[in-house]
Amino acid sequence: MNEQQSNILSIGRQEFDRELGRLEAELILMSGLVEKAIFDALQALKNRDIDRSQKVINEDDHIDKTELEIERYCIELIRRESPMAGDLRRIVASLQIAGELERIGDYAEGIAKISINMGSQPPLKELIDIPRMGDMAVSMLKRSLEAFISRDEDFVRTIVVELESEDDEVDDLYTKVQGDLMELVKSDPDNAERATYLMWVAHNVERVADRAMNIAERALFQATGQLVSGTTTIDTNVE
Amino acid sequence: MALNETDLLSQAGSVENILRFDDIEPVLESNDLSVAYGDQTAVSDVSLQVPKNSVVSLIGPSGCGKSTLLRCFNRMNDLIPSASVKGTVNFAGQNIYGSEVDPTEIRFRIGMVFQRPNPFPKSIYENVAFGPRINGMTDDLDELVETSLRRAAVWDEVKDRLNDSGLSVSGGQQQRICIARALAVNPEIVLMDEPASALDPISTQAIEQLIQELSNEVTIIIVTHNMQQATRISDYAAVMMAGEERIGRMIEYGTNEQVFGNPKDERTEAYVTGRIG
């Protein structure tokens with residue numbers, strides 16, 4: 001290969017690197033939108049702020065559109081560049097993470113809808129455990145994205161281990177919330193409707209943590225080529 | 001990785017990045033194979049195991065020794081006076097570079113298809129019948145010609161013009177006739193040196209499909225510059241690399257999924273993602 005060909009190759013590659021950088025930036029932006037949606041949905045629930053809940057619902061269209069734009073961009077990069085190796089893993093992981101983020105947006109929207117359905121009724125019990133679950137889930141989400149952006153195997157593995165343990169904590173809190181609410185229903189069946197609302201909120205928050213875990217697993221795939229889902233692993237490096 | 005890191009490109013690959021088959025007997029195996037043209041080493045210390053009925057692609061930047069390596073596998077380099085080969089290539093229980101081995105017989109059992117279709121200036125029929133005739137076969141040549149052209153997926157296109165010159169058909173058809181010519185002597189391995197690089201996309205597709213069909217019965221080792229082609233047609237990929245001193249080395253060998261999905265050697269990653277070319 002002569003110098004001119006090398007230069008052309010290297011210019012094409014630089015452009016592709018820039019586009020991969022843009023893809024990453026889009027995901028970071030989308031993640032910011034989703035974190036805010038979860039935070040706002042839980043705050044609105046706690047403060048009985050219907051306007052704010054409605055805003056979360058309206059904003060979900062924006063999140064959905066961002067997801068589709070990222071998807072379209074990934075498809076375009078695959079079509080145009082026929083990516084290989086680390087590039088391919090990066091684009092595939094981005095595509096999947098955009099999907100996970102979109103679902104987290106739906107959970108925020110779900111919480112906002114429940115909050116509106118509750119109308120003027122105060123929550124059945126003081127909201128302590130659910131916001132705690134929410135804080136943990138949002139923190140997990142942030143760190144799963146950090147793991148993805150780092151592309152550093154050791155860092156990603158550390159985050160995956162931490163997140164697994166935090167996901168267990170969120171699950172424990174969810175079980176506790178369910179138990180507490182069941183007790184309130186048993187003590188007075190008239191509590192059933194309000195208990196069900198909170199049960200659904202807690203369920204949505206628990207799912208956010210699960211999705212954050214999925215994102216960390218995609219970050220692991222990007223960094224190592226290992227496909228992981230919970231306790232199941234396929235190592236693409238071995239036949 | 002910067003393009004000018006030639007030191008890195010000159011380094012041999014790690015042994016752990018070279019796939020070895022413990023549980024099967026490879027149909028072809030090179031051990032510490034090196035080739036030189038005069039004083040210039042062109043390929044150094046390649047130890048490659050090729051499983052039976054697999055498709056193995058040899059990939060790497062221009063001038064990294066892929067074609068030189070390929071030509072070692074049927075002693076085609078013998079035809080170049082200055083070429084010398086060290087190491088062994090084991091095939092069918094013997095080193096094909098052993099003193100008692102007849103290179104012509106090896107070339108029948110390990111056939112070769114070149115980059116540019118090179119039919120002889122004879123009829124299509126005679127092109128295919130050529131090898132069997134040299135081997136002394138005279139009976140059932142019609143049947144053998146038909147079977148070989150069918151195996152090369154070109155029979156339907158040429159069956160009514162078998163007496164026309166092999167040069168009178170399209171490039172894609174010529175290449176499949178050359179594949180039929182190689183298949184007519186029933187080789188165990190077919191070596192292909194960029195067999196589709198001079199062909200249009202439709203002919204390329206036909207050759208790729210043919211390679212996949214043939215791999216049920218024949219082992220194929222193919223040099224290709226087209227990475228997508230390598231991922232489509234091969235089971236395993238061997239990556240060659242040469243630094244400034246132009247000595248080609250195999251730096252990685254593994255399944256397609258591994259080499260193109262998650263390479264172990266950073267130079268492979270740089271090559272398959274277009275950072276070095």
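User: What share of the 239 residues of chain A count as buried?
Analyst: Happy to start there, and do keep in mind that this is a predicted model. A residue counts as buried when its relative accessible area is under 20%. Of the 239 residues of chain A, the share that passes this cut-off is 48%.

User: In what order do the elements of chain A run from the N terminus on?
Analyst: Chain A holds six helices and two strands. For contacts in chain A with a separation of 6 or more, 81% are between residues 24 or more positions apart. Reading from the N terminus, the order of elements is α-α-α-α-α-α-β-β.

User: How much area is buried between chain B and chain A?
Analyst: Good one to ask, since the size of an interface is often given as the accessible area lost when the parts come together. Here 19 residues of chain B are in contact with 17 residues of chain A. Carbon and sulfur atoms give 52% of the buried area, and that area is about 1,500 Å².

User: Which residue of chain A meets Arg275(B) in a salt bridge?
Analyst: The rule finds two salt bridges across the interface of chain B and chain A. In one of them, the side chain of Arg275(B) takes part with an N to O distance of 4.0 Å. Its partner in chain A is Asp87(A).

User: Which element of chain B gives the largest share of the side that touches chain A?
Analyst: Between the two chains there are eight residue pairs in polar contact, with both residues at pLDDT 80 or more. On the side of chain B that touches chain A, the elements giving two or more residues are helix 9 (227-233), helix 10 (256-261) and helix 11 (266-272). By type, the residues of that side are seven nonpolar, nine polar and three charged. The largest share, four residues, is from helix 10 of chain B.

User: Is Arg75(B) buried or exposed?
Analyst: Arg75(B) sits in the loop between helix 2 (66-72) and strand 4 (83-91) of chain B. Its side chain makes a polar contact of 2.7 Å with that of Asp78(B). Beyond its neighbours within four places in sequence, its contacts include Ile96(B), Tyr97(B) and Arg107(B). Because its relative accessible area is 12%, Arg75(B) is buried.

User: What is the relative accessible area of Leu191(B)?
Analyst: Leu191(B) belongs to strand 7 (residues 189-193) of chain B. Among the residues it touches are Phe73(B), Ile110(B), Met112(B) and Ile221(B). Leu191(B) is buried, and its relative accessible area is 0%.

User: Which residue just after helix 4 of chain B takes a positive phi?
Analyst: Let's walk along helix 4 (residues 124-134), where the buried residues include Ile124(B), Tyr125(B), Val128(B) and Pro132(B). Cover for the buried residues comes from elements including helix 3 (103-109), helix 5 (141-151), helix 6 (155-158) and helix 7 (171-183) of chain B. Just after helix 4 there is a positive phi of about 90°, and the residue that takes it is Gly136(B).

Terms used:
Residues numbered from 1 in each chain as written. Chains lettered and ligands numbered in written order. Predicted model: local features only at pLDDT ≥ 70, side-chain atom pairs only at ≥ 80, totals over all residues. Heavy atoms only, no water. Contact = heavy atoms within 4.5 Å. Buried area = accessible area lost by both parts, 1.4 Å probe. Polar contact = N/O pair within 3.5 Å; in protein donor to acceptor, adjacent residues only side chain to side chain. Nonpolar A, V, L, I, M, F, W, Y, C, P; charged D, E, K, R; others polar. Buried < 20%, exposed > 50% of the residue type's maximum accessible area, 1.4 Å probe, protein only.
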